[in-house]
Amino acid sequence: MSGSEPILAIDFGTSKSCMAVTDAMGQPRVLLDPLGRALVPSIISFRGDGHLLVGTEALDELERNPLNSLRCEFRPRDLGPRETLAGAFSDADLCSVLLDHLRRVADATLQLDTRRVLMTVPALLPESQKQALAAACGMAGLILERIVEAPVAAAMSFALGKKTPRFAAVYDFGGGKFECSLLDLQGGSPRLLATAGDLFLGGDDVDQRLASSMLEAFFHVHGVDLRGDHVAWQRVMTASEAAKRALSTALEHVVKVDALAEKAGRLVNLKLTLTREVFHERIADVVERSIFFCDEALRQAGLSPPSVEEIWLVGGMTRVPAVAERVAAHFGREPRSDIDPELAVVMGAAVLAADAEAGQRVTAPYGVGSPPPPEGVASPVAGRVARVATKKMFTAMMQAQPEVKFSAPRPAVFEVTASPLSVSTVGGFCDEVIGRNQQIPFSKTRIFSTGKDGQKTVQVRVCQGDSRRFDENAFLGTLFLEDLPPRSRGQVRIAVTFHIDADGVLEASARDEETGRAHAMRIQLSGASAG
Ligand code: ADP
Ligand code: MG
C-alpha cells in the first residue's frame, strides 16, 4: 500500500453520498460519476431476478420494488439484521455494498486504485455505529484512515480562504437526520463545543407527511384507500419529494401521479396543486423542532445567539426557504449559504484528508484507523446475489463476481412481534403498548395524559424490548407534540397509536384529542420472527 495515492473523502449520507479529493492547489474537488453526477443515492435494491442494483439505479427501482430497496445507513441504534430477498444482513453488510460502489466510481474517475478513505459521520452517531462503519469499509476493501464529525468538515469548507469567526454554528438538516453544532474556531481549527439534534428527524419526515396528506386527500376525492399499499406509497413519496424541491424555487407546484389506483375498471390519477405557503405551514412544527435543538446546543455550549458570529447552512433541507428564514430569525443574522449545502461536508472533508496525507495533525482527535481488510473478506451481500448490476461502465468489472444465485423470492417473515413495543413513563420505566408475539398486522391505541398543570409539550419516547426500564431497550424514536392547550394536569388526552403492517413497519403516532395535532413516524421493525 503506497502512501502516495490521495486519501478519498466520503460523505456517507442518509439519503445521498458523495466523494471529494483536493487538487494540487489545495482546492477540494467533488468527484462525478461517468454520467456527471456528484450525489449517489445511498440505496441498494434487491431485484427478484437475483440482481442487486446500487445508487441511482436502485433509486429508479424504488418505486417498482419498494420493499426490497433499502437505505444504506448506520441506524442510530443497532436494530438487528435487515431481511432482504437474499437473506438477513447487518447495516455494515449493506453499507459495504454502497462503499464498494463508491470506490469503483472513484477509481474510474481518478484512474487510481483508491484504498485509503476519510469518512464523515453525524456528530451524534454513537460509537458502536462508528465501529460498524469501520467494518463496512473493511468489507469494501477500504482502509479507514479517519472518521471526522460532519460539522467539523463543513466548517473547513466555510472557513477555507476566509477570515474565520470565533464562534460559528453548523445547522445541518439532511434527509434522515438533523443536528445543530456549535464550534470554536480560535486559531483557525474548528473545535466542536456542542451538538444537539435528532438522528430520526430529516427531510424524509417532511416527504412522509406530504405523502400521507396526499393519500388522505385521494381517499376523500376518489374513495380509494391506498394507505398500506407500498407501491402507491412510494410513488406518492417520490412525488412529495419532488414537490418539496420544486417549492424551494417556485411558489406553486402541481403534483401529478398518473394511474395511481384503479376504480371500477378505470385508472385514476392523483393531481393536486400545492402552494409554498401551505407547504410551509405543514412543516412549521418540524422546523420549530430543529430550532429547539439549536437552543439546546447553544445551552450546552454556554453561548447565546448574538455571540454566534456565523451560521452555516448544511444539508439539502436548508434549501427550503422557510428553514433558512427561521434560522435567520432565531440567530438574528443571515446564515451563510454560499457553499452548496449538500457538498459542504465532503469538500471540507477533502481538505482534512489532504492534511492527513501530508501527515499533519487533523484538527480534531477523531481519528480511527481501521486495520487493512483481511485478504478475501468481502461483503456477504455480494456473495449472495447473482450480479451487482450498475451502469454499463462498471458492469465489466462487476461481472467478475461469483455467479451465486439466491433462491426464489420468499415472503417477508414478519408475522409476530418478537418483543414488546413500549413508551417511556416516569422514573425511567416504560409502559407496554403492544406485547410480544402479537400477530401482525395489528393496531392499538392507548390514551395517556399530561403530568403537569399547563403542560404545553409532550414527548413520547418509543422503544422495543423486554425490559421494564426504558434505557435497557432498543430506542426507536421520539414523538413530539407542541402547543398543547393550557389545561390542568391529566386534562390533555394524548392518543398514542401503534400500527404494525404485514411487513413489520411500525407507524407510531401521537395525537392530542382536543386540537387534533399529531406527530407520526414510520420505523422498519427488525427482530420479528415468523410465528
Ligand atoms: P443526507 O446527507 O442526510 O443524505 P442531504 O444533505 O443530501 O442529506 O439532504 C437530503 C435532503 O434534502 C432530502 O430530504 C432532500 O429531499 C432535501 N433536498 C434536496 N434538495 C432540496 C431542495 N432543492 N429543496 C428542498 N429540499 C431539498
Ligand atoms: Mg449529506
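Biologist: Why is helix 4 (residues 150-159) described as largely enclosed by the rest of the structure?

Modeller: This is a predicted model. A residue counts as buried when its relative accessible area is under 20%. Among the residues of helix 4 that are buried are Pro151, Met156 and Phe158. Helix 4 is largely enclosed because the buried residues number ten of the ten.

Biologist: Which residue with a positive phi follows helix 4?

Modeller: After helix 4 comes a residue whose phi is near 70°. That residue is glycine 161.

Biologist: Which side chain of opposite charge is nearest to glutamate 73, and how far away is it?

Modeller: Glutamate 73 sits in the loop between strand 7 (69-71) and strand 8 (82-84). Glutamate 73 touches Thr14, Asp91 and Cys95, among others. A salt bridge requires a side-chain nitrogen of Lys or Arg within 4 Å of a carboxyl oxygen. Glutamate 73 is buried and has no salt bridge, and the nearest side chain of opposite charge is that of arginine 82, at 4.6 Å.

Biologist: Which helix gives the most residues to the shell around ligand 1?

Modeller: There are 19 residues around ligand 1, and Glu241 and Lys244 are among those that come nearest. The helix that gives the most, with three residues, spans residues 230-246 and is helix 6.

Biologist: What percentage of the area that ligand 1 exposes when taken alone does the protein bury?

Modeller: A polar side-chain atom of lysine 244 lies 2.7 Å from an oxygen atom of ligand 1, and a backbone N or O atom of glycine 316 lies 3.0 Å from an oxygen atom of the ligand. Taken alone, ligand 1 exposes 580 Å², and the share of this buried by the protein is 93%.

Note on methods:
Residues numbered from 1 in each chain as written. Chains lettered and ligands numbered in written order. Predicted model: local features only at pLDDT ≥ 70, side-chain atom pairs only at ≥ 80, totals over all residues. Heavy atoms only, no water. Helix = DSSP H or I, 4+ residues; strand = E, 2+ residues; numbered from the N terminus. Buried < 20%, exposed > 50% of the residue type's maximum accessible area, 1.4 Å probe, protein only. Lys, Arg positive; Asp, Glu negative; His and termini not counted. Contact = heavy atoms within 4.5 Å. Near = heavy atom within 4 Å. Polar contact = N/O pair within 3.5 Å; in protein donor to acceptor, adjacent residues only side chain to side chain. Areas by Shrake-Rupley, 256 points an atom, 1.4 Å probe, with all protein chains shown as cover. Lists of a residue's contacts leave out its neighbours within four places in sequence.
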